[in-house]
Amino acid sequence: MASSCRRPEHTAPPDVFYNEVEAKKYSQNSRMIEIQTQMSERAVELLNLPEGQPCFLLDVGCGSGLSGDFLSEEGHYWVGVDISTAMLDVALDREVEGDLLLGDMGHGMPFRPGTFDGCISISALQWLCNADKRSHSPPKRLYSFFSTLYSSLARGSRAVFQLYPENSEQLELITSQAMRAGFSGGMVVDYPNSSKAKKFFLCLFAGVTGVLPKGLGTEASNKNVPNQVQYSGQRCRFKNMKGKSAKKGRDWILEKKERRRRQGRDVRPDTKYTARQRRPHF
């Protein structure tokens, strides 16, 4: 496997991989900022928080605070936990509005019962599936995290994790430990038939059994196929890929506009020109 195609969690432990250089690069990359904001927006939508009411949220694997910035923009208060001191230093330099805590999620969440109204996590949960030390046991670390998180959440709240599962076995390990800790819920997959736009969100319910939200882009899926989710042993980006991504297409834009309408934002009306490809101007 080429080094450029290796998953970050296979390269080094998170506190080593996200050093000062990587932390600054991550936080200054405009594409990464856009992706983090979009995934944070989707995660908050899946939380199904009360409209117009500020909530106290936990951001696990908060990094440099990119996802926390979106929480602040939505009017919520938050606490961020991360294992990388370099990432947290960048968050402090950026003067994020949330409180920051240095900690290993595999050791559990050190908060009082019922502290938070919800929890989000962007691209962090899969790191717990690796044993970076001889003493590390992924099932035990996952259970320690989920059990303490369950306690720290108010009953009736949700936790939403955006993650990159390496394979079906890894996904089964994560969900089984979450259910063992008391959560109910399951996996929400957006755009399951797209190789580029597909995103995995583990949506968990604390104390109640809720209706699992529907993934975006599933309306066009073939209902006769029982399992459309495909996994890959590696996450690589290939140049000159043919075919148009589902993202930025007309359906994607219409769904995003509809989400913003539900959030009470001003959105232009839909017309036949919505998402139309325009010729470049010189």
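This is a predicted model: local features need pLDDT of at least 70, side-chain atom pairs count only at pLDDT 80 or more; totals for chains, interfaces and linings use all residues.
1. A residue counts as exposed when its relative accessible area is over 50%, and as buried when that value is under 20%. Glu95, with a relative accessible area of 69%, is therefore exposed.

2. For the overall picture, the secondary structure of the protein comes to nine helices and seven strands, and 46% of its 282 residues count as buried. Among contacts between residues at least 6 apart in sequence, 68% join residues at least 24 apart. The protein exposes about 15,900 Å², of which carbon and sulfur atoms supply 49%.

3. Glu95 is placed in the loop between H6 and S3, just after H6, and takes a positive phi of about 55 degrees. Most residues other than glycine have a negative phi, and Glu95 is a residue other than glycine with a positive value.

4. Glu95 also belongs to a patch of negative charge on the surface, where it gathers with Glu20, Asp89 and Asp93. Asp93 has its place in helix H6, which covers residues 85-93. With a relative accessible area of 66%, over the 50% cut-off, Asp93 counts as exposed.

5. What do the buried residues of H6 pack against? In this helix Ala86, Met87, Leu88, Val90 and Ala91 are buried, and the buried residues of H6 pack against helix H3 (20-28), strand S2 (77-82) and strand S3 (99-102). H6 thus holds these buried residues as well as Asp93, which is exposed.

6. A positive phi is found also at Tyr191, another residue other than glycine, where the angle is near 50 degrees. Tyr191 lies in the loop between strand S6 (184-190) and strand S7 (199-205).

7. Phe145 has its place in helix H7 (residues 138-152) and is buried, with a relative accessible area of 0%. Leaving aside neighbours within four places in sequence, Phe145 is in contact with Val60, Met105, Gly108, Met109, Leu125, Leu128 and Phe161. The C-alpha atoms of Phe145 and Gln177, which are 32 residues apart along the chain, are separated by 9.3 Å.

8. Ser121, in strand S4 (residues 116-122), is likewise buried, its relative accessible area being 0%. When neighbours within four places in sequence are set aside, the contacts of Ser121 are with Asp59, Val60, Val160, Phe161 and Gln162.

9. Met39 is in helix H4 (residues 30-47), and its relative accessible area of 5% places it among the buried residues. Met39 and Phe161 lie 122 residues apart in sequence, yet their C-alpha atoms are 9.8 Å apart in space.

Key. Residues are numbered from 1 along each chain as its sequence is written. Side-chain values use heavy atoms; hydrogens and water are left out. Patches are made of residues with over 30% relative accessible area and no salt bridge: like charges are joined within 9 Å, nonpolar side chains (Val, Leu, Ile, Met, Phe, Trp, Tyr) within 5 Å. Accessible areas come from the Shrake-Rupley method with a 1.4 Å probe; for residues, only the protein chains shown count as cover. A salt bridge is a side-chain nitrogen of Lys or Arg within 4 Å of a carboxyl oxygen of Asp or Glu. Lys and Arg count as positive and Asp and Glu as negative; His and the chain ends are not counted. The place of a charge is taken as NZ of Lys, CZ of Arg, CG of Asp or CD of Glu. Helices (H or I, at least four residues) and strands (E, at least two) are DSSP runs, numbered from the N terminus. Buried means under 20% relative accessible area, exposed over 50%, partly exposed in between (1.4 Å probe, protein chains only). Contact means heavy atoms within 4.5 Å.
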